[in-house]
Amino acid sequence: MSKMSGLFIFALGTVTGAATAYIITKAKYEKIVQDEIDSVRESFERCERRRKEAVERRAEEKDERCEYAKKAAAYTRYSGRSRKDVEKEMEKKMANMPYVITPDEFGELPDYDTVTLTYYADEVLSDDMEELVDDIEETVGAVALNRFGEYEDDAVYVRNDVRKVDYEILRDERTYASVVGHNVYGSRTED
């Protein structure tokens with residue numbers, strides 16, 4: 001019987017050890033899983049909060065643009081056109097202007113193209129082939145070029161609903177002339 005009791009004690013010790021290891025391991029991994037869930041939840045809430053702030057800011061900017069359009073229409077006198085017609089035209093024009101979006105919103109609309117532009121230290125905006133962007137106001141809006149650092153230090157993201165394009169504008173501390181070897185007007189630079 002001593003062999004049986006030894007085996008029984010060994011089996012009881014093994015089962016007890018396995019149960020203890022299971023309980024400790026289960027608690028450890030449940031904590032790891034819960035930490036991951038909390039981290040994802042925090043990240044999602046932070047992202048959702050930024051998105052809501054961006055939507056609110058865009059609504060405020062649209063209201064400001066509409067208010068500006070009304071004021072501009074009040075100062076403008078067109079013969080044969082009523083003030084309300086001018087105000088409506090200005091509001092429509094202002095509502096179609098490009099606007100800054102969050103980095104998370106960039107490229108999220110499937111029917112919108114994405115384009116990367118570079119904004120140089122000498123205030124030149126060019127595409128990825130170093131061709132100049134001629135109409136900055138209609139493409140990305142001049143206001144966007146003053147919004148570096150709002151979300152990222154060296155990037156601004158702009159949506160143009162008229163062209164159905166999301167623009168990523170990257171700031172480059174070099175001058176356009178130093179990159180392409182000539183200035184905006186085509187004359188060569190001296191190195």
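Visitor: Which side chains meet Arg147 in a salt bridge, and what counts as one?

Guide: A salt bridge is a side-chain nitrogen of Lys or Arg within 4 Å of a carboxyl oxygen of Asp or Glu. Here the side chain of Arg147 meets that of Glu150, at 2.5 Å from N to O. This is a predicted model, in which local features need pLDDT of at least 70 and side-chain atom pairs count only at pLDDT 80 or more, while totals for chains, interfaces and linings use all residues. Residues are numbered from 1 along each chain as its sequence is written, and side-chain values use heavy atoms, with hydrogens and water left out.

Visitor: Are Arg147 and Glu150 buried, exposed or partly exposed?

Guide: Buried means under 20% relative accessible area, exposed over 50%, and partly exposed in between, with a 1.4 Å probe and protein chains only. Arg147 has 15% relative accessibility, so Arg147 counts as buried. Glu150, at 33%, counts as partly exposed.

Visitor: How many salt bridges does the structure hold, and which residues are linked in a network?

Guide: The structure holds 10 salt bridges. Asp154, Arg171 and Glu173 are linked in a network of them.

Visitor: Where in the chain are the partners Asp104 and Arg50?

Guide: Asp104 forms a salt bridge with Arg50, with the closest N and O atoms 2.8 Å apart. This pair links distant parts of the chain: Asp104 is in the loop between E1 and E2, Arg50 is in helix H1, and 54 residues separate them. The element names follow DSSP runs, helices (H or I) of at least four residues and strands (E) of at least two, numbered from the N terminus. Both partners count as partly exposed, Asp104 at 39% relative accessibility and Arg50 at 34%.

Visitor: What is the secondary structure as a whole?

Guide: The protein has 4 helices and 5 strands. From the N terminus the elements run α-α-β-β-β-α-β-β-α.

Visitor: In what order do the strands form the sheet?

Guide: Two strands pair if DSSP finds at least two bridges between them. The 5 strands form an open sheet in the order E1-E4-E5-E2-E3, with mixed pairing. Strand E1 (99–101) and strand E3 (125–126) are at the edges and have a single partner strand each, so one side of each lacks a neighbour in the sheet.

Visitor: Which pairs of strands run parallel or antiparallel?

Guide: E2 and E5 run parallel, joined by 8 bridges. E4 and E5 run antiparallel, with 6 bridges, and E2 and E3 are also antiparallel, with 2 bridges. E4 and E5 form a hairpin with 4 residues between them, and Lys164 in the turn has a positive phi of about 55 degrees.

Visitor: Which residues are bridge partners of Asp166?

Guide: Asp166 in E5 is the bridge partner of Thr114 and of Arg159. The side chains of Asp166 and Arg159 also meet in a salt bridge, 2.8 Å from N to O. Asp166 is buried at a relative accessible area of 0%, and Arg159 is buried at 5%.

Visitor: Which residues have the most contacts inside the largest nonpolar core?

Guide: A nonpolar core is a set of buried Ala, Val, Leu, Ile, Met, Phe, Trp, Tyr and Cys residues joined through side-chain atoms within 4.5 Å. The largest one has 14 residues, and Leu117, Leu125, Val140, Val158 and Ile169 have the most contacts inside it. Strands E2 (113–120), E4 (155–160) and E5 (165–172) each supply at least two residues of this core, and E5 gives the most, with 3 residues.

Visitor: What is Leu125 in contact with?

Guide: Contact means heavy atoms within 4.5 Å. Leaving aside neighbours within four places in sequence, the contacts of Leu125 include Leu117, Glu131, Ile136, Val140 and Ile169. Tyr119, another of its contacts, stands opposite Leu125 in E3.

Visitor: How much of the protein is buried?

Guide: Of its 191 residues, 26% count as buried.
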